[in-house]
Amino acid sequence: MAKLSWLCRAAWASALLIASACTGVLGSAADSGPGSGPGSGPGSGPDGDTGDQGEQTTSDRQPLVVRRLNRLEYNNTVRDLLGTELRPADEFPADDLGAEFSTVGSALSLSPAYVRAYEEAAYALIDDLLEAPEDRRDRVISCDVFEEGEACARSILRAFARRAWRRPVLEEHLESLMLPITTAREIGAEPGEGLRHALAAVLLSPFFVFKLEIDPDLSATEPRRLEPHELATRLSYALWSTMPDEALSVAADSGALTSDAELKAQIERMLADPRSDSLLDSFAAEWLDFAHLESHEFDAEVLGDASADVLRSMKLEARNFIRAFLTSEQPATEMMSARFTFVDATLAGLYGLPDEGEAEPGADGMWRVDTSSVPRSGLLTLGALLTTTSLPSRTSPVKRGDFVISRLLCQAIPPPPPGVATEPPDVPGLTLRERMELHRESPACNGCHAAMDPIGFGLENYDAVGRFRTHDGDLEIDASGKLPDGTEFEGAVELGAGLAEDPRLSRCITRKFTTFAVGRLLANHDNPWVEQVTAEAEARGGSLGGIIKTVLLSEAFRSRTPARP
């Protein structure tokens with residue numbers, strides 16, 4: 001036991017020695033993008049994202065912080081690094097969100113509970129590797145440390161750390177990793193035990209846990225291009241939520257990735273790879289708030305159809321719908337007015353759609369179906385979005401209106417003043433709309449609700465789990481509404497068509513993906529860049545994939561701006 005204690009200490013000492021080389025990076029300027037940090041002053045939107053409103057002053061500019069891997073990225077990375085089926089990050093504390101995303105560095109804190117979880121995960125993963133079948137174990141343990149000694153250990157650690165850290169390994173860092181090996185020799189422990197702790201130290205290192213971007217000059221204030229391995233890491237986690245693969249690593253090793261042609265070729269290759277489906281479960285699911293649909297609370301007595309199977313089908317519908325736009329040349333704005341969706345038998349019955357589609361069902365059992373004969377149109381009539389923007393027992397025009405304004409148009413809605421009642425008055429014989437109109441008569445409520453409610457009313461024909469209806473109980477529904485620019489509409493189909501014409505939609509998609517991909521909140525001084533990138537994408541057709549490619553090829557994605565003095 002004493003020997004193991006010494007080796008545990010040696011493993012932590014290795015990780016801490018490596019961490020000391022990062023002084024000035026951890027907790028400082030290691031995230032990047034246009035501008036210099038999240039807005040926190042007047043005009044700030046939800047979670048500090050200022051959207052298109054308000055003013056940004058010098059005092060609003062906050063230091064950029066290095067970000068750790070979130071839970072999805074950690075699980076994906078150890079899967080690709082070790083070939084493991086373990087998902088240790090499922091047991092980690094929940095990731096905090098910044099502007100809807102679990103990729104924003106300023107929101108991803110590192111608590112003592114996380115440090116303990118990293119240690120437990122590191123040793124569980126290495127033990128799983130050492131007990132794995134020979135073909136998987138040999139991917140990391142390439143020689144016999146009992147027979148070949150420290151030279152073998154050094155070779156194993158250099159190769160393993162190179163892949164795990166997503167960058168070449170400096171000799172000084174390799175020497176730190178060798179500390180458990182030499183400690184094992186000094187205290188008479190077996191070489192295999194020393195190797196076990198050294199491999200765990202690789203996974204405890206900040207080079208693994210964090211997406212590090214290290215400036216040679218920590219006092220610099222001017223933007224710099226990312227180094228090839230930094231760019232490869234940023235690109236891989238943006239598109240795949242995991243470590244770079246061999247092809248991307250080779251491009252980084254050769255320096256070719258810094259060229260426009262190679263970067264474009266890698267982006268095209270990666271988007272065509274099935275691993276780009278990660279965008280559906282990371283970017284899209286967090287942006288459109290269906291990531292945790294299965295845990296949405298509902299009143300089973302009122303909404304008995306909202307079973308686990310229905311919620312699962314709704315999530316698959318949303319994924320397939322976004323994938324259709326990610327892989328096509330359709331303008332992203334048509335997501336609001338598209339007359340198709342994806343269903344299985346469960347959703348077809350819920351929506352009143354044909355029980356067969358335009359093509360054979362996919363591997364997930366979903367098929368594409370035309371919706372032009374029914375009142376369903378685009379993103380806003382997906383069951384997932386209608387469900388997550390509802391309360392447990394009824395619809396919420398407020399939540400639905402806020403969803404459109406904040407997540408699709410990137411406009412800021414401030415929280416209600418303290419002490420103000422948020423529920424509409426309970427008046428028998430009135431529709432929810434009529435009760436909410438009474439609620440808006442209060443001057444304290446009118447300002448925000450006048451923007452949100454007229455949009456949310458346009459979706460009142462869909463109940464809290466997305467079923468179409470014309471009446472709420474015995475009362476007829478009025479689904480007329482008004483867009484922020486004053487355009488009037490009747491129902492979801494006209495609402496979607498109106499939003500498809502709103503120029504703020506494309507700009508908002510650009511903002512949201514940039515926040516996700518770079519990992520920091522955008523501020524108002526970023527607006528000119530957002531306008532420029534959006535215009536470039538629209539000039540090429542304005543597809544969802546086109547917006548993503550244009551962001552990834554932009555100088556903002558390829559560069560790092562340190563915190564300003």
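1. A residue is called buried when its relative accessible area is under 20%, exposed when over 50%, and partly exposed in between, with a 1.4 Å probe and protein chains only. By this definition, both Tyr-74 and Phe-92 are buried, and of the 565 residues of the chain, 56% count as buried.

2. This is a predicted model, in which local features need pLDDT of at least 70 and side-chain atom pairs count only at pLDDT 80 or more, while totals for chains, interfaces and linings use all residues. Residues are numbered from 1 along each chain as its sequence is written, and side-chain values use heavy atoms, with hydrogens and water left out.

3. The whole structure holds 18 aromatic pairs, where rings of Phe, Tyr and Trp (its six-membered ring) pair if their centres lie within 6.5 Å, and planes under 30 degrees apart count as stacked, over 60 as edge-to-face and the rest as tilted. Tyr-74 and Phe-92 form one that is edge-to-face, at 5.0 Å centre to centre and with 65° between the planes. Ring pairs also join these two residues with Tyr-114, Tyr-118 and Phe-208 in a cluster.

4. Another edge-to-face pair consists of Phe-340 and Phe-342, with 6.0 Å from centre to centre and 90° between the planes. Phe-340 counts as buried because its relative accessibility is 5%, and Phe-342 counts as buried because its value is 11%.

5. A charge sits over a ring if NZ of Lys or CZ of Arg is within 6 Å of the ring centre and within 35 degrees of the ring normal. The charged end of Arg-68 is placed in this way over the ring of Tyr-114, 4.0 Å from its centre, and Arg-234 lies over the face of Phe-557, 5.6 Å from the ring centre.
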